[in-house]
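Open the model in your viewer and keep the selection panel at hand. We will stop at a few charged pairs and then step into a pocket.

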Amino acid sequence: MKKGENSDMTKDAQGVIRQLDKQINKAGLRFAKKPILIGGMAMEYYGMRKAGADIDLVICEEDYQALASKYPDKRKDIWGDLGVVIGPFEIWRCIMLLDYDFYIKDAVDEGVVFVVSLDRLLLMRVFAMDVPKYMDDLRLMKDYYHRMFRNPAYAQYMQSHIASYQNKEIVWGGEYLEE
């Protein structure tokens with residue numbers, strides 16, 4: 001886990017990876033390169049919200065071609081984002097026309113899979129923010145970033161001057177109402 005993440009998140013993350021490993025084995029899926037976990041299950045991994053019923057993965061071109069050949073009737077194309085749906089899995093060659101090589105950057109290696117980085121996960125939600133579900137996810141991510149990475153001493157400083165911010169919105173020259 002990254003600095004600042006708590007033990008509850010670690011426990012949640014471990015549970016997500018165990019569940020994912022179990023589902024991959026149950027479906028008999030094999031990959032040339034480790035897939036990248038994205039979507040709701042990645043959000044659950046980071047402790048933002050519970051995942052839905054589906055499991056979203058991004059895979060390399062070689063793995064996509066193998067699955068598309070093996071399951072031609074399970075292929076899916078959403079405006080050029082190519083995927084294969086197998087059981088609970090939505091397995092994508094690309095999302096927003098960005099492929100494995102894009103999503104692997106800074107991904108967390110969890111042995112059986114990589115988990116998309118927070119930055120790439122955020123970007124995925126930004127691309128889809130016109131969909132209310134993903135706008136809700138953006139709000140959850142904003143709260144997560146504040147909870148996990150905000151400097152508490154600085155946040156306390158801001159709180160000590162909340163009346164000034166509420167009254168004036170912008171404080172010029174350090175002239176606060178409270179002083």
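Select E44 to begin: with 15% relative accessibility, E44 is buried, where buried means under 20% relative accessible area, exposed over 50% and partly exposed in between (1.4 Å probe, protein chains only).

Before moving on, a word on what you are viewing. This is a predicted model, in which local features need pLDDT of at least 70 and side-chain atom pairs count only at pLDDT 80 or more, while totals for chains, interfaces and linings use all residues. Residues are numbered from 1 along each chain as its sequence is written, and side-chain values use heavy atoms, with hydrogens and water left out.

Next, select D137 and R49. Their salt bridge has its closest N and O atoms 2.7 Å apart. The pair ties together distant parts of the chain, 88 residues apart: D137 belongs to helix 6, and R49 to the loop between helix 2 and strand 2 (55-58). Helices (H or I, at least four residues) and strands (E, at least two) are DSSP runs, numbered from the N terminus. Is each partner buried or exposed, or in between? D137 is buried at 2% relative accessibility, and R49 is partly exposed at 21%.

Stay on helix 6 and pick D136 and R139. Here the closest N and O atoms of the salt bridge lie 3.3 Å apart. These residues are three apart in the helix, which means about one helical turn separates them. D136 is partly exposed, at 44%, as is R139, at 48%. Now select R49, R125 and D137 together: salt bridges with shared partners join them into one network.

Last stop: the largest pocket, holding about 450 Å³ of space. A pocket is an open set of points on a 1 Å grid, where a 1.4 Å probe fits, with protein on both sides within 12 Å along at least five of seven lines; lining residues have an atom within 4 Å of a point. Volume is the space filled by probe spheres set on the points, which are joined across faces, edges and corners. Select D56, W92, I95, R125 and Y134, which lie nearest the centre among 20 lining residues. Then colour helix 2 (39-45), which gives the most to the lining, with three residues.

Technical notes: A salt bridge is a side-chain nitrogen of Lys or Arg within 4 Å of a carboxyl oxygen of Asp or Glu.
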